[in-house]
Amino acid sequence: DARESVKNQAIIQYGEEFSQKQLNLESDAWYRLILLAEAKKRNIKVIDKEVVGLVQSYPFFQRKGKFDNQTYSQMLEYVFRTPARIFEEQTRQNIIIAKLYNVVTKDINLNDEEIKEAYRKENEEISIYYIAGLASDFSKEINPTEQELKDYFTQNSLEFKMPLSFNMEYVTVDSEEKTKDIVSYLQKHKKEDFLKVAKDFGLTIQETGWFGQTDPIPHIGWSPDILNIISKAKIGEFLPPIKMDKNYSILRLKEKKEPYIPDFESIKDKIKERFIKDKSQNLAKDKIENCLKKLKQDYQANPKSVDFDRLAKEYGLKSDSTAPFKYGSYIEGIGASDEFWVATSGLNEGAFSEIISAPGGFYIIKLKSKIPVDEKKFESKKTEFAQKLLLLKKQE
């Protein structure tokens with residue numbers, strides 16, 4: 001019911017563009033249920049007059065500027081495909097959620113400092129100098145022995161645990177009509193040999209090979225709904241057909257493996273890969289921590305003597321600088337800018353940061369240049385910007 005409600009709300013919001021939108025209606029339905037549960041706790045009510053008022057205010061239910069019963073009935077039947085009683089109850093719930101929103105957000109405001117800081121975050125550009133300890137730079141130095149790998153596997157065996165996994169048999173069908181015929185036949189002859197059925201319909205059975213519960217289905221693709229069904233299926237059971245591109249796949253569960261820890265030899269390469277990744281990460285971290293100690297010593301002795309490039313080279317680390325970037329952007333070769341922007345904005349000139357951990361490794365940074373906000377532009381856009389910011393704050 002909640003899913004149908006959010007679908008109808010999306011039709012109201014997007015109109016003819018609804019079918020082109022990539023919406024997660026199931027997720028929105030859960031949010032709706034949570035909000036309605038909260039509204040019930042707070043005893044938020046809506047009277048019939050409010051429901052009637054909102055329904056009659058929608059322009060798509062009107063003719064010549066007035067609510068029209070015939071238009072209302074036709075729109076419900078052919079566009080929303082929802083009976084009037086249910087649509088009106090959905091409308092009541094929409095008003096309840098709107099009232100909840102107003103109750104929760106009525107006291108939320110912004111001060112000038114918040115507006116200025118948010119505008120600065122969105123518009124100020126900075127560039128940085130950095131020293132980087134990247135795990136990938138040290139991986140070639142690591143060549144573990146067989147015993148080291150065995151010890152690592154023993155200590156971290158749970159990390160290599162294989163999830164619930166499956167092997168499926170399937171046939172690929174090139175038409176919806178033929179797919180329906182096969183599904184209908186299988187429903188009537190559940191114990192029929194799959195090989196015989198495939199042969200009768202001129203099809204060839206293929207196998208997916210083993211795949212985990214969270215993996216895409218090999219040769220077929222990603223289908224969360226089907227993966228959920230597979231995990232509950234019994235061996236020999238057929239699944240609902242999957243449409244991928246122009247073809248349909250009819251699958252049957254052939255084998256299932258419960259979660260297990262593989263033996264050392266079968267995943268030796270994976271263990272080695274993980275070992276090298278962990279060791280190179282630790283090596284990069286050790287080197288940059290030692291580099292930071294030396295930086296602090298040099299800075300304490302003479303702030304002007306700090307030389308990023310020289311110290312990076314001394315500790316086998318990389319050093320470079322970036323082009324100007326904004327908060328929320330992407331830094332070429334590094335990644336998301338947010339943490340770097342925040343760390344730099346709090347630094348005095350010539351000072352450097354503590355170690356920043358990023359997906360690729362570890363960084364020490366200092367300010368290179370800053371392009372501040374245009375004050376005149378800020379003043380001209382302040383009111384409009386503040387309205388958007390307040391709306392975002394209320395949504396949060």
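The legends below describe close-up views of a predicted model.

Local features need pLDDT of at least 70, side-chain atom pairs count only at pLDDT 80 or more, and totals for chains, interfaces and linings use all residues. Residues are numbered from 1 along each chain as its sequence is written, and side-chain values use heavy atoms, with hydrogens and water left out.

**View 1. The largest pocket and its lining.**
The largest pocket has a volume of about 920 Å³. A pocket here is an open set of points on a 1 Å grid over the protein atoms alone, where a 1.4 Å probe fits, with protein on both sides within 12 Å along at least five of seven lines. Its volume is the space filled by probe spheres set on the points, which are joined across faces, edges and corners. The lining counts 27 residues, each with an atom within 4 Å of a point. Gln9, Leu35, Ile97, Tyr101 and Gln395 lie nearest the centre. Helices H1 (2-14), H2 (25-41), H5 (84-105) and H15 (375-395) each supply at least two lining residues. H5 gives the most, with eight. Helices (H or I, at least four residues) and strands (E, at least two) are DSSP runs, numbered from the N terminus. By type, the lining holds 16 nonpolar, five polar and six charged residues. Nonpolar means Ala, Val, Leu, Ile, Met, Phe, Trp, Tyr, Cys and Pro; charged means Asp, Glu, Lys and Arg; the others, Gly among them, are polar.

**View 2. Arg120 in helix H6.**
Helix H6 spans residues 112-123 and contains Arg120. Arg120 counts as buried, at 18% relative accessibility. Buried means under 20% relative accessible area, exposed over 50%, and partly exposed in between (1.4 Å probe, protein chains only). The Arg120 side chain makes a polar contact with the side chain of Glu124, at 2.7 Å. A polar contact is a pair of N or O atoms within 3.5 Å; within protein, one must be able to donate a hydrogen and the other to accept it, and residues adjacent in sequence count only if both atoms are side-chain atoms. Leaving aside residues up to four places away in sequence, Arg120 touches Trp341, Ser345 and Val373. Touching, or contact, means heavy atoms within 4.5 Å.

**View 3. Aromatic pairs and a cluster.**
The structure holds 23 aromatic pairs. In one of them, the ring centres of Tyr119 and Phe378 are 4.9 Å apart and the planes meet at 50 degrees, so the pair is tilted. Tyr119 sits in H6 and Phe378 in H15, so the pair ties together parts 259 residues apart in sequence. Both Tyr119 and Phe378 are buried. The rings of Phe340 and Tyr363 have centres 5.3 Å apart and planes at 85 degrees, so that pair is edge-to-face. Phe340 belongs to helix H14 (residues 338-345) and Tyr363 to strand E13 (residues 361-371), so the pair ties together parts 23 residues apart in sequence. Phe340 is buried at 3% relative accessibility; Tyr363 is buried, with a relative accessible area of 3%. Rings of Phe, Tyr and Trp (its six-membered ring) pair if their centres lie within 6.5 Å; planes under 30 degrees apart count as stacked, over 60 as edge-to-face and the rest as tilted. One aromatic cluster is formed by Tyr58, Phe60, Phe61, Phe67, Tyr72, Phe80 and Phe87.

**View 4. Arg81 and Thr82 in the loop between H4 and H5.**
Phi of Arg81 is near 50 degrees, a positive value in a residue other than glycine. Most residues other than glycine have a negative phi. Arg81 is exposed, with a relative accessible area of 63%. Thr82 lies in the loop between H4 and H5, but is buried at 9%. The side chain of Thr82 makes a polar contact with that of Asn8, at 3.1 Å. Beyond four places in sequence, Thr82 touches Asn8, Leu76, Phe87 and Gln90.

**View 5. Asn43 in the loop between H2 and H3.**
Helix H3 spans 48-57, and Asn43 is in the loop between H2 and H3. Asn43 is not a glycine, yet has a positive phi of about 60 degrees. Asn43 is exposed, with a relative accessible area of 52%.

**View 6. Tyr299 in helix H12.**
Tyr299 is in H12 (residues 268-301) and counts as partly exposed, at 29% relative accessibility. Tyr299 and Ala351 are 52 residues apart in sequence and 8.3 Å apart in space, C-alpha to C-alpha. Not counting residues up to four places away in sequence, Tyr299 touches Val306, Gly350, Ala351 and Phe352.
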